[in-house]
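Take a moment to look at the picture, then read on.

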Amino acid sequence: MSATIIDGKAFAGTVREKVAGHVSRLKEEHGITPGLAVVLVGEDPASQVYVRSKGKMTVEVGMKSVEHKLDVETPEAELLALIDQLNNDPEIHGILVQLPLPKHLNEDLVINSIDPAKDVDGFHISNVGLLGTGQKSMVPCTPLGCLMMLRDHHGSLSGMDAVVIGRSNIVGKPMAQLLLGDSCTVTIAHSRTKDLADVVRRADIVVAAVGRPEMVPGDWIKEGATVIDVGINRIERDGKNKLVGDVDFDSCAARAGAITPVPGGVGPMTIACLLANTVTACCRANGLAEPEGLTA
Ligand SMILES: Nc1nc2c(c(=O)[nH]1)N[C@@H](CN(C=O)c1ccc(C(=O)N[C@@H](CCC(=O)O)C(=O)O)cc1)CN2
């Protein structure tokens, strides 16, 4: 079997076009411009790239972009004061604090200080609870992007066996909730899972989100399964730097029915879904109908 490559880069482009359409309608019909504030603490090189990209794409879809770049040693109280200011700014509909944060900052405290209605990352404990109980919430961007690609490829996911490898709060757990919401039979596998290969071999859908380069070999994949690779791992091979996912692409593609590449798969969908969440948050804040197809 030679797998269909799910082109996340192209799909993200169509999501951004839809977002841009909604933004221009919000401006023309209601005089509202959605605003997104991104906060970066420190100078982590990868985070700097992602934050730059978020700002650029926010402006490209016609939204207001605000960036706050804080010194690596910023005291927690100062960061919390900035979030409070953004929570109370009527021109800001979405707030995102780029992760990871420097070690001296309490990530849970910082995330939970964001107004849940403006929490476009969907990491606030209220949004986690709402998603877990099947209620309307802000949905974390990376799992939302994976769900959109799966729905686009399969139509209905109902009754499919899904395995999520990885139990992080920002990808593994919300991904499992979303798949359950679409009536998949879901297993969350992790480092202590017994017979991981056998568990993965039963799955129609495999979402790999462990952060270990090329950990999943092709012979774990059921013929025709769909493989969604969330991993973004920088490795050195043959003296060159390379970006690889959590699955061994060539051997998995040889057995899968469809697979996302790295780069160009899940990654670009993360930022597209951030923009989608910002429009959703803006519509909710103004009591307007939510854009269709941009939420879970
Ligand atoms: N507050 C948040 N922090 C972080 C999140 C998040 O969703 N919210 N996710 C990641 C980083 N991230 C966005 O912030 C992100 C990661 C990767 C990509 C992407 O497009 N990757 C490209 C490859 C880019 C490269 O060469 O490095 C791809 O996969 O094609 C976008 C956004 C952690 N922090």
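Two residues are in contact if their C-beta atoms, placed from the backbone, lie within 7 Å. With that in mind, residues 24 or more positions apart account for 68% of the contacts in the chain with a separation of 6 or more. Please remember as you read that this is a predicted model.

**The whole chain**

The chain contains ten helices and eleven strands. Its radius of gyration is 19 Å, close to the 19 Å that the globule rule gives for 296 residues, so the chain is as compact as a globular protein of that length. Taken along the principal axes, the C-alpha atoms fill a box of roughly 50 × 40 × 35 Å. Of the 296 residues, 44% count as buried.

An unreviewed UniProt entry annotates residues 140-284 as "domain: Tetrahydrofolate dehydrogenase/cyclohydrolase NAD(P)-binding". This span is 39% helix and 21% strand, and its end C-alpha atoms lie 17 Å apart.

**Around the ligand**

Which residues are closest to the ligand? They are Tyr50, Leu99, Pro263, Gly267 and Thr270, out of 17 residues that surround it. Strand 4 (94-97), helix 6 (141-154) and helix 10 (266-285) are the elements that give two or more residues to this shell. Helix 10 provides the largest share, four residues. By type, the shell divides into eleven nonpolar residues, five polar and one charged. Both domain 1 (31-115) and domain 2 (141-267) supply at least three residues each to the shell.

**Two positions from the record**

For "binding site", the unreviewed UniProt entry lists Gly166, Arg167, Ser168 and Ile232. Let us look at two of these in the model.

| Residue | Loop location | Contacts beyond four places in sequence |
|---|---|---|
| Arg167 | between strand 5 (161-165) and helix 7 (172-181) | Gly172, Lys173, Ile188 and His190 |
| Ile232 | between strand 8 (226-229) and strand 9 (233-237) | Leu243, Val262 and Gly267 |

Key: Residues numbered from 1 in each chain as written. Predicted model: local features only at pLDDT ≥ 70, side-chain atom pairs only at ≥ 80, totals over all residues. UniProt positions renumbered as here; feature names shortened; annotations may be inferred. Near = placed C-beta within 6 Å. Nonpolar A, V, L, I, M, F, W, Y, C, P; charged D, E, K, R; others polar. Domains from an automatic or database assignment. Rg over C-alpha atoms; globule rule 2.2 N^0.38 Å. Buried ≥ 20, exposed ≤ 12 C-beta atoms within 10 Å, placed from the backbone.
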